[in-house]
Amino acid sequence: MKLYGIKLRICLFALLTAAISMQSVFAAGAGGGDGEFDPGSFIFDHIADAYDWHLFDINGKQYSVPLPVILYTRDKGLNIFLSDKFDHGHAAYRGFRIEHEGPDKGKIVVAIDDHTTDQEAATPLNLSITKNVFGMFFAAAIMIWIFLTIGSRYKRDPKKPPKGVQSLFEPLILFVIDDIVKPAIGEKKYVMFLPYTLTLFFFIWINNMLGLVPIFPMGANVTGNISVTAGLALTSFLAINLSGNKHYWQHIFNTPHVPVFLKLPIPIMPVIELVGIFTKPFVLAIRLFANITAGHIITMGFFCLIFIFAQVSAAFAYGGTVLAVAFGIFITFLEMLVALIQAYVFTLLTSLFIGAAVEDAH
Amino acid sequence: MDLITPDFGLFFWMLVTFALVFMILKKFAWKPIVQALQEREENIREGLENAEEAKTELANVKVRSDKIISDAIVERDQLIRQGRELREKITAEARNHAEEEAKKILDSARDLIEEEKAAALSQIKIQIASLSVEIAERILRKKIDDDEVQQELMTSLLDEFKLN
């Protein structure tokens with residue numbers, strides 16, 4: 001009965017997600033009524049970061065949630081204002097505008113007027129609360145709320161069986177502890193890495209899952225953004241190398257069981273090992289970014305099919321809609337799986353690298 | 001914003017957010033959760049160990065109780081046998097005793113009877129003597145006048161005595 005309820009909820013979640021994604025595509029399609037529907041730019045607008053949170057278009061007018069823009073330049077000092085001052089990129093404000101062309105496309109640059117950029121001025125330091133930052137804050141808030149609730153319950157009566165949201169997360173927490181961290185790092189040392197690995201796993205997983213829900217303030221492509229995954233990889237890099245023991249560093253600079261001519265006079269092995277230190281987290285970042293972005297692209301792609309078909313004929317559009325929704329639901333299910341798998345893979349590999357770094361000499 | 005160019009702002013906020021989440025959760029969530037889970041694990045492990053121990057203990061107790069029962073049975077049989085022997089012994093003794101006693105009583109009774117008899121006989125003899133004297137006296141008193149009769153009686157009496 002309970003399992004059935006959970007299944008039902010997952011189904012509803014997928015249906016809702018698909019339905020709302022479709023609506024936003026409809027809105028976008030209707031908004032771009034003046035020209036050809038361009039699925040490429042539509043999809044990339046969705047997966048890219050933005051200074052405001054686009055909700056929907058009605059009759060060509062964009063409705064979005066403005067987000068704070070925080071800029072710092074040496075000339076103008078600190079500037080904080082809401083992104084609606086840019087009028088969706090059509091206007092300059094306080095001498096800043098959103099660039100539409102060139103290598104700085106999408107960035108905030110110093111403006112001469114509404115349509116021209118001051119090519120001489122340096123790009124301002126941009127610490128704006130963008131769509132992804134806001135989505136991430138929301139995910140972080142949810143995460144803190146969930147785990148503080150659970151934590152206080154564990155503190156209050158640790159011997160009671162879990163209930164409510166606790167019984168949803170306890171299997172996952174146990175999964176991370178018993179199936180990822182403990183075997184990867186080893187019985188003796190795993191406990192001190194649990195806070196980091198648990199935070200990592202749930203940060204990735206919750207952001208992945210929230211990325212699938214297309215309702216404000218969820219649906220930002222947080223973990224599908226290279227900056228975010230790079231940040232996660234940096235934490236992983238620090239965790240691995242700061243915990244590395246003598247044995248680990250010896251393995252890198254003076255690898256045992258390797259012929260001397262590979263180390264002297266040209267240090268081939270140390271260089272390879274040193275590069276390896278950086279490639280490991282780099283690959284983690286790329287993998288997460290690519291997987292989540294790909295998922296978003298595919299989902300959006302299926303919904304874009306509706307409008308591509310609609311440009312051919314109405315009948316085609318009806319048939320295409322059924323097909324697109326069916327595939328959209330399927331991909332949403334798949335993405336829920338991917339959300340968990342990618343959180344698992346990132347945490348598992350980080351744990352394995354940490355495990356190798358703290359391993360005792362044998 | 002380009003797809004594959006990292007953006008400093010987002011990177012910065014990502015690190016800040018992650019660090020904050022990490023620090024808050026480390027202190028207020030992961031510590032109690034991990035502690036509680038480990039405690040629970042320890043509890044379960046201990047419980048299983050205790051159960052195993054109790055099981056062996058129970059088996060030991062069973063062995064011991066079986067031994068106690070069999071010992072008790074042996075002892076009971078022994079007691080019963082001893083009791084039976086004792087009873088037989090006591091009965092035999094009692095019977096012997098009773099027989100002896102009875103014999104003794106009989107003997108003494110016989111002796112007493114013998115004595116009584118002797119006493120009675122002597123008594124009778126004395127009685128007879130005195131009676132005879134009395135009889136003689138009376139006869140004498142009555143028949144002294146009649147010489148003939150007296151004579152006759154005297155003779156008959158004398159005859160009788162002679163017979164004795």
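**Figure 1. Overall view of chain A in the predicted model.** Nine helices and seven strands make up the secondary structure of chain A, shown here as part of a predicted model. Along the principal axes, the C-alpha atoms of chain A fill a box of roughly 70 × 65 × 45 Å. Of the 362 residues in chain A, 47% are buried. When contacts in chain A between residues at least 6 apart in sequence are considered, 62% of them join residues at least 24 apart.

**Figure 2. The two assigned domains of chain A.** The domain assignment places residues 68-126 of chain A in domain 1 and residues 131-358 of chain A in domain 2. Between the C-alpha centres of domain 1 of chain A and domain 2 of chain A there is a separation of 33 Å.

**Figure 3. The interface of chain B and chain A.** On the chain B side 35 residues take part, and these are in contact with 58 residues of chain A. About 3900 Å² of area is buried between chain B and chain A, and carbon and sulfur atoms give 79% of that area. Across this interface the rule finds five residue pairs in polar contact, with both residues of each pair at pLDDT 80 or more. Sorted by class, the side of chain B that touches chain A has 24 nonpolar residues, together with five polar and six charged ones.

**Figure 4. Salt bridges across the interface of chain B and chain A.** The rule finds two salt bridges between chain B and chain A, and a salt bridge between these chains is formed by Glu41(B) with Lys182(A), whose closest N and O atoms are 3.7 Å apart.

**Figure 5. Asp360(A) and its salt bridge with Lys188(A).** Over all chains, the count of salt bridges by this rule comes to 15. In the pair shown in this view, the side chains of Lys188(A) and Asp360(A) meet in a salt bridge with an N to O distance of 3.7 Å. Because Lys188(A) lies in the loop between α4 (165-185) and α5 (194-211) of chain A, while Asp360(A) lies in the segment after α9 (314-358) of chain A, the pair ties together parts that are 172 residues apart in sequence. Lys188(A) is exposed, its relative accessible area being 73%, whereas Asp360(A), at 39% relative accessibility, counts as partly exposed.

**Figure 6. Asp360(A) and its salt bridge with Lys189(A).** Asp360(A) also meets the side chain of Lys189(A) in a salt bridge, with an N to O distance of 3.0 Å. Here Lys189(A) lies in the loop between α4 and α5 of chain A and Asp360(A) in the segment after α9 of chain A, so this pair ties together parts that are 171 residues apart in sequence. Lys189(A) has a relative accessibility of 26% and counts as partly exposed.

Figure 7. The side chains of Asp107(B) and Arg110(B) meet in a salt bridge, at 3.5 Å from N to O. Both Asp107(B) and Arg110(B) lie in helix α1 (residues 8-143) of chain B, where they are three residues apart, about one turn of the helix. Asp107(B), with a relative accessibility of 34%, counts as partly exposed. A further panel shows one network, in which salt bridges that share partners join Asp178(A), Lys182(A), Glu187(A) and Glu41(B).

Methods. Residues are numbered from 1 along each chain as its sequence is written. Chains are lettered from A and ligands numbered from 1 in the order in which they are written. Side-chain values use heavy atoms; hydrogens and water are left out. Contact means heavy atoms within 4.5 Å. Buried area is the accessible area (1.4 Å probe) that two parts lose on being put together, summed over both. A salt bridge is a side-chain nitrogen of Lys or Arg within 4 Å of a carboxyl oxygen of Asp or Glu. A polar contact is a pair of N or O atoms within 3.5 Å; within protein, one must be able to donate a hydrogen and the other to accept it, and residues adjacent in sequence count only if both atoms are side-chain atoms. Ala, Val, Leu, Ile, Met, Phe, Trp, Tyr, Cys and Pro count as nonpolar, Asp, Glu, Lys and Arg as charged, and the others, Gly among them, as polar. Domain bounds come from an automatic or database domain assignment. Helices (H or I, at least four residues) and strands (E, at least two) are DSSP runs, numbered from the N terminus. Buried means under 20% relative accessible area, exposed over 50%, partly exposed in between (1.4 Å probe, protein chains only).
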